[in-house]
Amino acid sequence: AVFVLVTHDESRLPATLKSRAARLNLSRVPSREIAEWLAVRGVKAADREQAVEIAEGRPGRALQWLAEPDVRAAVQSAAHLVERFLSSRSAGEAFAALEAEAKRCEASDDPLQAWRDSLGLWNSSLRHAFLSDPSRALHLGQVFAFAERHLGGPVSPRIWLELGLVRYASGAAPVFPAHLPSTFPYPLPLS
């Protein structure tokens, strides 16, 4: 028997499991190849371009987006929510943007998976919106990453998001920059 385990964050796996597993890194499919693949399937050029953009290297995601109206609606909803986050100038505005989605995730049959799906869609939408406001998008990305890192913990992701959104909306420096490499050695040597 062969067991195939898939993870997005290898650091969360127990050491005993990692020591007994062979690692196989998979990469995303180049956009050009997905576009060619969709063209062979007869997808119109306009739909193909959008599907490739949404897919971000995942051919199955492109097919889902083309075939399932619910997926299209979820992608559009995530893009709208990220736009609201990016344009919010107060914590109240950011919380109002988060409210409906947080209630939907918490009321789901599997809240953990609902949060994981939402954060994935938000991150994807944020990558597409990055050029409009890079500094705010980077900060918002850090808020999403911190909430995602704490999925499955004892505290709801909504709390982590709200904590990050308070600082984000106020324009304060991110409170969670520990995962980013420092430009200078810390502490700086005194001469």
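Contact here means heavy atoms within 4.5 Å. I wrote that down before anything else.

**Entry 1: what I have open**

I'm looking at a predicted model, where local features need pLDDT of at least 70, side-chain atom pairs count only at pLDDT 80 or more, and totals for chains, interfaces and linings use all residues. Residues are numbered from 1 along each chain as its sequence is written, and side-chain values use heavy atoms, with hydrogens and water left out.

I checked confidence next, using pLDDT (the predictor's confidence in each residue, from 0 to 100). The protein chain has a mean pLDDT of 85, and 90% of its residues reach 70 or more. Over residues 179-191 the pLDDT is below 50, and I found that this stretch has 3 contacts in the model beyond near neighbours in sequence.

**Entry 2: the overall layout**

I looked up the helices and strands, which are DSSP runs numbered from the N terminus (helices H or I, at least four residues; strands E, at least two). The protein chain has 9 helices and 0 strands. For contacts between residues at least 6 apart in sequence, 54% join residues at least 24 apart.

I also checked burial (buried is under 20% relative accessible area, exposed over 50%, partly exposed in between, with a 1.4 Å probe and protein chains only). Of the 191 residues in the protein chain, 29% are buried.

**Entry 3: valine 29**

Where does valine 29 lie? I found valine 29 in the loop between α1 and α2. Valine 29 counts as partly exposed because its relative accessible area is 28%. Once I left aside neighbours within four places in sequence, valine 29 was in contact with Ile34, Gly57 and Pro59. I also looked at arginine 58: it is 29 residues from valine 29 in sequence, and the C-alpha atoms are 6.3 Å apart.

**Entry 4: serine 88**

Serine 88 sits in the loop between α5 (69-87) and α6 (91-107). Is serine 88 buried or exposed? Its relative accessibility is 0%, so serine 88 counts as buried. Skipping neighbours within four places in sequence, I listed Glu93, Ala94, Arg136 and Tyr168 as the contacts of serine 88. Two of those names came up again: Arg136 is one of the buried residues of α8, and Tyr168 is one of the buried residues of α9.

**Entry 5: α8 and α9**

I checked helix lengths against the expected span (1.5 Å times one less than the number of residues). Helix α8 (residues 134-149) has 16 residues and reaches 22 Å from first C-alpha to last, close to the 22 Å expected. The 14 residues of α9 should span 20 Å, and its end C-alpha atoms are 20 Å apart, so the two agree.

What do the buried residues of α8 pack against? I got α5, α7 (111-129) and α9. Those of α9 pack against α5, α6, α7 and α8.

**Entry 6: the largest pocket**

My last stop was the largest pocket, which is lined by 37 residues. Val6, Thr7, His8, Asp9 and Glu10 lie nearest its centre. (On a 1 Å grid over the protein atoms alone, a pocket is an open set of points with protein on both sides within 12 Å along at least five of seven lines; lining residues have an atom within 4 Å of a point.) Which helix gives the most to the lining? That's α7, with 9 residues.

Key. On a 1 Å grid over the protein atoms alone, a cavity is a set of points where a 1.4 Å probe fits but cannot get out, and a pocket is an open set with protein on both sides within 12 Å along at least five of seven lines; lining residues have an atom within 4 Å of a point.
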